[in-house]
Amino acid sequence: PIGDSAVATRRRKPARRVFQIDPSVRNIMLNFRQAPETEFEHYGHEFHRAARLLMRRFSSKPGFSDLEALPIVFLYRHVLELYLKAIVQYGDLLLGLAGKPLAPDDLARIFSSHQLSLILPHLRAIFRFMGWGWNFGRAGLRTFDDIKAVIREICAVDPHSYAFRYPTNTQGKAALPDSFEFDLRSLVKVVDALVDGLDSAARGLSQACDDAGERYASTS
C-alpha cells in the first residue's frame with residue numbers, strides 16, 4: 001500500500017555523507033568492544049600518541065607560530081583527563097568488589113565535567129587501596145602533593161577544558177590571561193611524565209580487574 005511505503009521511506013536511515021562505509025577498503029570501526037566504560041585508557045593512549053607527534057613536529061622546526069601550541073596543550077590536557085577517568089573507572093570497580101564503591105553522585109560529577117580537581121581525592125583513595133606509592137620517577141612528581149600541585153596548576157589555567165580550544169569562554173571573556181606566556185617544552189616534559197605514571201596505574205588497575213574477574217569465574 002502507498003501508505004506503508006511512505007512510512008517505510010520516512011523510517012529509512014538517511015544516507016551517510018560523512019561517515020561512509022567503503023567495502024573496498026579497511027574501514028574504521030569504533031566501540032567494537034561494546035564496553036565503552038573500559039575505553040578511557042585506550043583513548044588516552046591514542047590521543048597521547050597524537051600529542052607527541054605534534055610536539056615532535058613543533059620541536060623540529062627552526063621557528064613557530066604561538067598558536068601552534070593550542071592543539072598540543074589541549075591534547076595533553078585531554079590525555080590527562082582520560083587517564084584520570086580510566087583510573088576512576090577501574091578503581092571504582094575494585095573498590096566495589098571490596099564493598100567500598102565510590103559514591104554515585106561523585107562519579108556522576110566526575111564524568112559529566114572536565115574538572116580534574118574533582119578526581120584528586122578519589123585518585124588518592126584508589127592508590128591507597130592498591131598500596132601504591134606516588135613516585136613517578138621524575139623530580140617534582142614523587143609525592144601526592146606533587147601530583148596534586150601539577151593538576152591544580154593546569155586547572156587554575158584551564159578548569160573546564162576551554163582555554164586551549166576557544167579564544168573566549170562561555171561568558172564571552174578571554175579564555176586565557178592577557179599575554180599568557182609559558183615554555184611549551186617544559187609543559188610537555190612534566191605532563192608526559194605524569195601521563196606515563198598514570199598510564200602504568202591504569203594498566204595495573206585493568207589487570208587487577210581482569211584478575212578479579214577470573215577469580216570470580218573460577219568460583220562460580
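Tryptophan 134 counts as buried, because its relative accessibility is 14% (buried means under 20% relative accessible area, exposed over 50%, partly exposed in between, with a 1.4 Å probe and protein chains only). This is a predicted model, in which local features need pLDDT of at least 70 and side-chain atom pairs count only at pLDDT 80 or more, while totals for chains, interfaces and linings use all residues. Residues are numbered from 1 along each chain as its sequence is written, and side-chain values use heavy atoms, without hydrogens and water.

The structure holds 9 aromatic pairs; rings of Phe, Tyr and Trp (its six-membered ring) pair if their centres lie within 6.5 Å, and planes under 30 degrees apart count as stacked, over 60 as edge-to-face and the rest as tilted. Two of the pairs are tabulated below.

| Pair | Centre distance | Plane angle | Class |
|---|---|---|---|
| Phenylalanine 127 and tryptophan 134 | 4.1 Å | 5° | stacked |
| Phenylalanine 180 and phenylalanine 182 | 5.5 Å | 45° | tilted |

Phenylalanine 127 is buried at 2% relative accessibility, whereas phenylalanine 180 is partly exposed at 32%. Ring pairs also join Phe127, Trp132, Trp134, Phe136 and Phe144 into a cluster.

Phe127 is also one of the residues of helix 5 that meet helix 7, where contact means heavy atoms within 4.5 Å. On the side of helix 7, Leu198, Ala201, Leu205 and Ala208 take part. By class, this contact has 8 nonpolar, no polar and no charged residues (Ala, Val, Leu, Ile, Met, Phe, Trp, Tyr, Cys and Pro count as nonpolar, Asp, Glu, Lys and Arg as charged, and the others, Gly among them, as polar).

Terms used:
Helix = DSSP H or I, 4+ residues; strand = E, 2+ residues; numbered from the N terminus.
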